[in-house]
Amino acid sequence: ASATHRLTAATTGAGRSVKQSDAVANLLLGSSLPTGSGMLGMARFQPARHGVSIAGSNDRHQLGDAVFVNGVYTHLADMDDVLIGAGGHPGAVVVPVALALAERHSLSGQQVAVSVVAGYELMHRTVAPVFPASVGRGFQSTGIGGPFGAAAAAAVALGLDEGEIANALGIAGCYAGAIEAAGRTLGPGIAARGGLESALLSASGVTGPARIFEGTRGVYSAFAGERRPEPAADPLGGDFRINTHRKIKLFPTVASTHEAIECLQSIHRRGIDIGDVKRIVVRLPELAARRHDVKFTPPRSLREAQADLAFSA
């Protein structure tokens, strides 16, 4: 808890050195896609006169609904950033929470930047100790680390103290976990809402387990089958994960297809005739290869197309 509080405190002023995020652009793009139309319809069941904004809507909405829908929107085009060495999509989880609380509490630009940096930091440090074992067990990184990243962002934005931050992270463990087979569309929204609620519960005096990560039945054991906390704290005090462990996507597809796409683009630019190509062999790391079920049949939906290596290539 003490290290977490020092970490979030140390991010003050960090926004000046942070690379520009693409999350807001992805949020606006996602709000215009037909695949997200049902999200806004859900939020309209609970309007709020003094609520916060959802992209593409002129109405105000409940805080939790807003971060859920905006989180889904930000990931919908599958162009949002990815955590290197941990997986997961931090911008789609952290940024909607920071923006919603900024609107509700009139936060400054610096406060928003600090909130975002803290959220990225905690999300990466949560998933790194269990990745890639967690993916091999069928879990999504966004679902594991997202609630913790969102809780950290919300806790910093709300000005919680050391003990309250620790409780918020403990409570966030109740929301951690998403099954890969369930699809990826709703994951960022669920994680964003869960992390926000964790911080709000902590601010209201609710406590959470202090050893949510390294405890016998904590995150590391549950999602990786082993307790390996060292990556979570190493190295504290260095540069921020938003600078050092973040990949900006160039294509609206699953990140593990990108190298193959770039390679084939390079070959195409050399003027090779497709008629001279008998086959294409794509070599992937074992973890990435297991994620792609190559059937060579047309995808049935946009989401299937984005995750289909053969189709993308």
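# Reading a fold: buried residues, rings and crossing helices

Analyst: F213 and Y220 are both buried. Buried means under 20% relative accessible area, exposed means over 50%, and partly exposed lies in between, with a 1.4 Å probe and protein chains only. The model is predicted: local features need pLDDT of at least 70, side-chain atom pairs count only at pLDDT 80 or more, and totals for chains, interfaces and linings use all residues. Residues are numbered from 1 along each chain as its sequence is written, and side-chain values use heavy atoms, with hydrogens and water left out.

User: What describes a pair of aromatic rings?

Analyst: Two values do: the distance of the centres and the angle of the planes. Rings of Phe, Tyr and Trp (its six-membered ring) pair if their centres lie within 6.5 Å. Planes under 30 degrees apart are stacked, over 60 edge-to-face, and the rest tilted.

User: How many aromatic pairs does a search of the whole structure find?

Analyst: The search finds three aromatic pairs. One of them joins F139 and F223. Their centres are 4.9 Å apart, the planes stand at 90°, and the pair is edge-to-face.

User: Where do F139 and F223 sit in the chain?

Analyst: F139 is in the loop between helix 7 and helix 8, while F223 is in helix 11 (residues 219–224). Helices are DSSP runs (H or I, at least four residues), strands are runs of E (at least two), and both are numbered from the N terminus. F139 has a relative accessible area of 18%, so it is buried. F223 is at 9%, so it counts as buried too.

User: Why is the pair of F213 and Y220 stacked?

Analyst: The ring centres are 6.1 Å apart and the planes are at 25°, so this pair is stacked.

User: Which residues does S134 contact, leaving aside its neighbours within four places in sequence?

Analyst: Contact means heavy atoms within 4.5 Å. S134 is in contact with F139, I144 and F223. S134 itself lies in helix 7 (residues 133–136). Its relative accessibility is 0%, so S134 counts as buried.

User: Now the helices. What describes two packed helices?

Analyst: The angle between their axes and the distance between the axes. Axes are lines fitted to C-alpha atoms, for helices over the stretch in contact, and angles run from 0 to 180 degrees between N-to-C directions. Take helix 8 (residues 141–158) and helix 10: their axes come within 7 Å and cross at roughly 40°.

User: Why are helix 8 and helix 10 called oblique to each other?

Analyst: Angles under 35 degrees count as roughly parallel, over 145 as roughly antiparallel, 65 to 115 as roughly perpendicular, and the rest as oblique. Helix 8 and helix 10 are therefore oblique. The crossing is right-handed. A crossing is right-handed if the near helix is turned clockwise from the far one by less than a right angle, and left-handed if anticlockwise.

User: Which residues of helix 8 and helix 10 meet?

Analyst: On helix 8 they include G146, P147, A150 and A154; on helix 10 they include A191, A192, G195 and A199. By class, this contact has 12 nonpolar, five polar and no charged residues. Ala, Val, Leu, Ile, Met, Phe, Trp, Tyr, Cys and Pro count as nonpolar, Asp, Glu, Lys and Arg as charged, and the others, Gly among them, as polar.

User: Which residues does P147 touch, not counting residues up to four places away in sequence?

Analyst: P147 touches T142, A172, Y175, A176, A191 and G195. At 0% relative accessibility, P147 counts as buried.

User: Where do the axes of helix 4 and helix 10 come, and at what angle do they cross?

Analyst: The axes of helix 4 (residues 63–76) and helix 10 (residues 187–203) come within 7 Å and cross at roughly 145°. Helix 4 also passes helix 10 in a right-handed crossing. Among the residues that meet are F68, G71 and V72 in helix 4, and I190, R193 and L196 in helix 10. The residues of this contact divide into nine nonpolar, four polar and two charged.

User: Which peptide bond from F131 is cis?

Analyst: The bond from F131 to P132 is cis, with omega near 5°. P132 is in the loop between helix 6 (109–127) and helix 7. A cis peptide bond also joins D234 and P235, with omega about -10°.

User: What phi does D78 have, and is D78 buried or exposed?

Analyst: D78 has a positive phi of about 60° although it is not a glycine. D78 is buried, with a relative accessible area of 0%. S106 is not a glycine either, and its phi is positive at about 55°. S106 is exposed, with a relative accessible area of 63%.
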